[in-house]
Amino acid sequence: DQGAAYLYHRRAGAWELVTKFDDPEGDAGDEFGGNIDIDGPHLMIGAAYHGNTGRVSAYLLSAPLGFCTAKTNSAGCAPTLTSTGVPSLTSKLPFQVTAADVLGGQFGLLVAGTAGIEAPFQGGTLCVDPVLARVAPQLSGGNAGGLDCSGLLRVDLNALLRTGALSGVAAGDELFVQWWYRDPIDPTGYGLSDALRFHVCP
């Protein structure tokens, strides 16, 4: 038997499957998953009967980390990114990236890339470069008629990873994401959140 390992996440008192780890070499009789160890963000999966000596596969399950600096918008707020879930190429559970304190009633889009940067951009800081993909614009909601920070921008990145909207991303890759949105009173016309960086699970 090749074997396999499964990663579960406990939510609302129930265990939900996040992703499955298959034997990277797929040899019959490996018994991949027969030995598992987790040390902080590091996951080690053993295949005791691979070849004559066995094999251990290592994975990084690091939590998303915030970095970079949000641009203070015309209502005096600096939108900060948060996330829920686990980024995965195959999981049907959501990995949601949210920007709160965005201006209400404005369109925004999420940009994703394979490297981070902190460079001057539109009166704030560009945190992602080069840009791999731009998610379709969405409306922030909140109070459309007033200048306040009632808006919210959110996207399920796992849905995009499953459908291939973020092309070229493989398990173990590190991604960097940032929200850009309209700020009609700002001289540049744009607002910018801070950013998140994270590794993608299988």
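These questions and answers cover aromatic pairs, charges over rings, disulfides and a surface patch in a predicted model. In this model local features need pLDDT of at least 70 and side-chain atom pairs count only at pLDDT 80 or more, while totals for chains, interfaces and linings use all residues. Residues are numbered from 1 along each chain as its sequence is written, and side-chain values use heavy atoms, with hydrogens and water left out.

Student: How many aromatic pairs are there?
Tutor: Rings of Phe, Tyr and Trp (its six-membered ring) pair if their centres lie within 6.5 Å. Planes under 30 degrees apart count as stacked, over 60 as edge-to-face, and the rest as tilted. By this rule the count is 3.

Student: Which kind of pair do Phe67 and Phe176 form?
Tutor: A pair of aromatic rings is described by the distance of the centres and the angle of the planes. The centres of Phe67 and Phe176 are 5.7 Å apart and the planes stand at 90 degrees, so the pair is edge-to-face.

Student: How many residues apart are Phe67 and Phe176?
Tutor: Strands here are DSSP runs (E, at least two residues), numbered from the N terminus. Phe67 is in strand S6 (residues 65-67) and Phe176 in strand S15 (residues 174-182). The pair links distant parts of the chain, and the separation is 109 residues.

Student: Are Phe67 and Phe176 buried or exposed?
Tutor: Buried means under 20% relative accessible area, exposed over 50%, and partly exposed in between (1.4 Å probe, protein chains only). Phe67 and Phe176 are both buried.

Student: Which parts of the chain does the pair of Phe121 and Trp180 tie together?
Tutor: This aromatic pair is tilted, with 5.2 Å centre to centre and 40 degrees between the planes. Phe121 is partly exposed at 26% relative accessibility, whereas Trp180 is buried at 14%. The two residues are 59 apart in sequence, so the pair ties together strand S10 (residues 116-121) and strand S15.

Student: Which ring has the charged end of Arg197 over it?
Tutor: A charge sits over a ring if NZ of Lys or CZ of Arg is within 6 Å of the ring centre and within 35 degrees of the ring normal. Arg182 lies over the face of Tyr190, at 5.7 Å from the ring centre. The charged end of Arg197 is 6.0 Å from the centre of its ring, that of Phe67.

Student: What is the pattern of the disulfides?
Tutor: A disulfide is a pair of cysteine sulfur atoms within 2.5 Å, and the whole structure has 2. One joins Cys68 to Cys127, and another joins Cys77 to Cys149. With bonded cysteines counted along the chain, the pattern is 1-3, 2-4.

Student: Is the disulfide of Cys68 and Cys127 left-handed or right-handed?
Tutor: Cys68 is buried at 16% relative accessible area, and Cys127 is buried at 0%. The torsion about their S-S bond is about -85 degrees, so this disulfide is left-handed.

Student: Is the disulfide of Cys77 and Cys149 left-handed or right-handed?
Tutor: Both Cys77 and Cys149 are buried. The torsion about their S-S bond is about 105 degrees, so this disulfide is right-handed.

Student: Which strands give two or more residues to the nonpolar patch?
Tutor: Nonpolar side chains (Val, Leu, Ile, Met, Phe, Trp, Tyr) are joined within 5 Å, and like charges within 9 Å. Tyr6, Tyr8, Trp15 and Leu17 form the patch, with about 480 Å² of accessible area together (Shrake-Rupley method, 1.4 Å probe). The elements are strand S1 (4-11) and strand S2 (14-22).

Notes. Helix = DSSP H or I, 4+ residues; strand = E, 2+ residues; numbered from the N terminus. Patch = residues over 30% accessible without salt bridge, like charges linked within 9 Å, V, L, I, M, F, W, Y side chains within 5 Å. Salt bridge = Lys/Arg side-chain N within 4 Å of Asp/Glu carboxyl O.
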